[in-house]
Amino acid sequence: MDKTTIQIPAKNAQSIFSSIRGAHVALRVPDFEASKKWYVEKLDFRVIHEWPFGDLQLAYLAPPKDDNFWIELLAGANPKPQNIFTDLNESLHPAGYHHFCLNVNSVDETLAELKRRNVSIIGDPFDLPVIGKRLAFFADLDGNLIELAETIG
């Protein structure tokens, strides 16, 4: 197999938006305590901060060793239910948010541990040589899809 890499264009330090950096993804969840517990117990995420906002309860969560990417949980005020997918291909049809991605050293080892922790795996892992990645998907307690990505080559 040919090693494929993504060619990243040069950074544009002259852009008015050059200070933009990824920070977090927010997930609207129906049960604050249950969702927080799921991320802590299933993915070993750390609770960074919790606070109320009007009739909502919010929290920042971070992976075990990463302080640069956080998940923000937004709970309260009876959110509208979302579609729950058990098939990756089916999940690709609706418009809007689809998933967030977590880089891992080994997709297969991570999936084995997620299965041991009774996490809902969506389909089988697969290689996508065009981007040089091995990928897999799973769902959190509320059906939010999460991608795992491993660099292959």
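I started with arginine 117, which is buried at a relative accessible area of 18%. For my own reference, buried is under 20% relative accessible area, exposed is over 50%, and partly exposed is in between, with a 1.4 Å probe and protein chains only. This is a predicted model, so I kept to the cut-offs: pLDDT of at least 70 for local features and 80 or more for side-chain atom pairs, while totals for chains, interfaces and linings use all residues. Residues are numbered from 1 along each chain as its sequence is written, and side-chain values use heavy atoms, with hydrogens and water left out.

What does arginine 117 meet in a salt bridge? I found glutamate 113, at 2.7 Å from N to O. I count a salt bridge when a side-chain nitrogen of Lys or Arg lies within 4 Å of a carboxyl oxygen of Asp or Glu. Glutamate 113 is partly exposed, at 28% relative accessibility.

Next I searched the whole structure and got 9 salt bridges. One of them joins arginine 46 to aspartate 67, with the closest N and O atoms 2.7 Å apart. Arginine 46 sits in strand E2 (residues 46-53) and aspartate 67 in the loop between strand E3 (56-62) and strand E4 (70-75), so this pair ties together parts 21 residues apart in sequence. My strands are DSSP runs (E, at least two residues), numbered from the N terminus. I have arginine 46 down as partly exposed at 30%, and aspartate 67 as exposed at 54%.

I also looked at aspartate 127, which meets arginine 134 in a salt bridge of 2.8 Å, N to O. Buried or exposed, where does arginine 134 fall? It is buried, with a relative accessible area of 18%, whereas aspartate 127 is partly exposed at 39%.

Then the rings. How many aromatic pairs does the structure hold? I got 5. I pair rings of Phe, Tyr and Trp (its six-membered ring) if their centres lie within 6.5 Å; planes under 30 degrees apart are stacked, over 60 edge-to-face, and the rest tilted. Tyrosine 39 and phenylalanine 45 make a tilted pair, 5.7 Å centre to centre with 55° between the planes. I checked the cover too: tyrosine 39 and phenylalanine 45 are both buried. Tryptophan 51 and tyrosine 60 have ring centres 4.8 Å apart and planes at 55°, so that pair is tilted. Last entry: ring pairs link Trp38, Tyr39 and Phe45 into a cluster.

How values were computed:
Helices (H or I, at least four residues) and strands (E, at least two) are DSSP runs, numbered from the N terminus.
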